[in-house]
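Okay, thanks everyone for coming. I'd like to walk you through a few spots in this structure, so let me put it up.

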Amino acid sequence: MPSAAVPSASTSYNTSNSLPVLRRWRSYFLSARRVPAVLRASGSPNPTGPDGEPPKTPMNALEATIRRKQRELETTIRELGMEALDERLQSATQMPLNPPYRLSTLIAESVPQGRAVLVFEVARSGSETSTADLAELAKAYVTLGGASALVVRTDSDATPSGLRDLFTVQQAVPRVPVLARDWLIHPLQICEVKESGAAGALGIINQVTGRGTGVMSSFSAALGLDAPVEVVNAREVEQLAKLGVVFYAINVAVGLSVAMPGFSNRIAHGLLGELPFGAISLVGVRSLEEAAAARRSGADALLVKAELLQSYGKDVQALGDALQYAVTLDD
């Protein structure tokens with residue numbers, strides 16, 4: 001397998017053009033008060049249920065989620081004001097994260113050694129879970145489970161204190177790259193992640209952001225953040241590669257949330273084969289079988305989903321041992 005590349009702000013993002021690009025994106029976001037059309041164009045129209053309303057399908061759930069995020073962001077931006085928004089986006093590029101690209105650098109160092117990077121998802125298991133509980137869980141995942149990096153859910157639907165959770169977990173494991181996981185549709189969200197001190201973010205989904213994907217990816221790179229773009233087909237990979245995207249996510253959010261016939265280990269295997277030379281891949285897994293299959297297919301890093309982690313309860317050591325066995329490739 002070729003060595004994984006590390007994103008470069010100098011090659012994937014022209015900071016001298018940052019303001020015009022971000023203004024175009026700002027105008028697009030504020031004028032597009034609708035879910036991107038690609039979310040609605042998932043085939044034939046959804047049939048109505050017995051009450052005359054569309055049934056609750058995974059696609060409808062994703063559309064509702066993006067609509068909710070749009071409303072939240074519109075409120076935040078309205079309170080912030082356009083001038084303050086521009087200043088915040090510009091100032092963020094003046095002080096990129098140092099050191100930058102912590103996760104992709106770790107992956108680039110691990111791939112030549114034949115090791116997969118395990119990224120564990122830190123998530124609340126119920127309303128009784130506190131921020132302090134997440135910090136202890138993060139420590140256990142690193143010391144006992146073998147996690148090389150962590151992802152913290154920050155969406156308001158998953159936690160009442162997303163950015164505080166993110167910051168607390170970082171403080172608990174300062175030597176480990178910690179990323180946010182949210183539905184990312186505006187550069188302001190990237191700013192918030194950077195300001196928290198996190199190493200990056202998951203949640204840029206090409207099916208959602210469409211023509212704004214390039215801006216979201218390149219803006220993240222300019223800030224020194226790892227922000228893999230989630231893809232679902234080879235055409236997306238080809239288009240994004242032309243934009244300089246080098247870090248791709250597969251089966252992280254869309255593949256698990258949207259009813260996509262045939263999106264299985266076989267499809268993930270095919271997508272991994274379509275990635276450009278030197279690209280970095282992160283594949284989401286919910287079972288040991290998926291982890292083993294993704295590793296055999298050449299995944300550089302695995303996002304171990306909360307569903308799998310929580311199925312082992314407090315026996316983090318057993319989880320770590322099982323994962324290491326599943327992803328170890330025979331010579």
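Quick definition before I start: when I say buried, I mean under 20% relative accessible area. And keep in mind that what you see is a predicted model.

Let's begin with A92, which sits in helix α5, residues 82–94. Its relative accessible area is 5%, so A92 counts as buried. Who is around it? Beyond its neighbours within four places in sequence, A92 touches C191, K194, F219 and L223. Take F219: A92 and F219 are 127 residues apart in sequence, yet their C-alphas are 9.5 Å apart in space.

Now over to strand β1, residues 117–122. Six of its six residues are buried. One side has V117, V119 and E121, the other has L118, F120 and V122, and both faces are covered. As for partners, β1 runs parallel to β9, residues 301–304, with four bridges, and L118 has L302 as its bridge partner there. Four bridges also link β1 to β2, residues 149–153, again in parallel; here E121 is paired with V151. To get from β1 to β2, the chain goes through helix α7, residues 131–143, in a right-handed β-α-β crossover.

Last stop, helix α12, residues 234–242. Its buried residues are E236, V237 and L240. After α12 comes G244, with a positive phi near 90 degrees.

Technical notes
Residues numbered from 1 in each chain as written. Predicted model: local features only at pLDDT ≥ 70, side-chain atom pairs only at ≥ 80, totals over all residues. Heavy atoms only, no water. Buried < 20%, exposed > 50% of the residue type's maximum accessible area, 1.4 Å probe, protein only. Helix = DSSP H or I, 4+ residues; strand = E, 2+ residues; numbered from the N terminus. Contact = heavy atoms within 4.5 Å. Pairing = 2+ DSSP bridges. Right-handed = clockwise from strand over helix to strand, strands pointing away.
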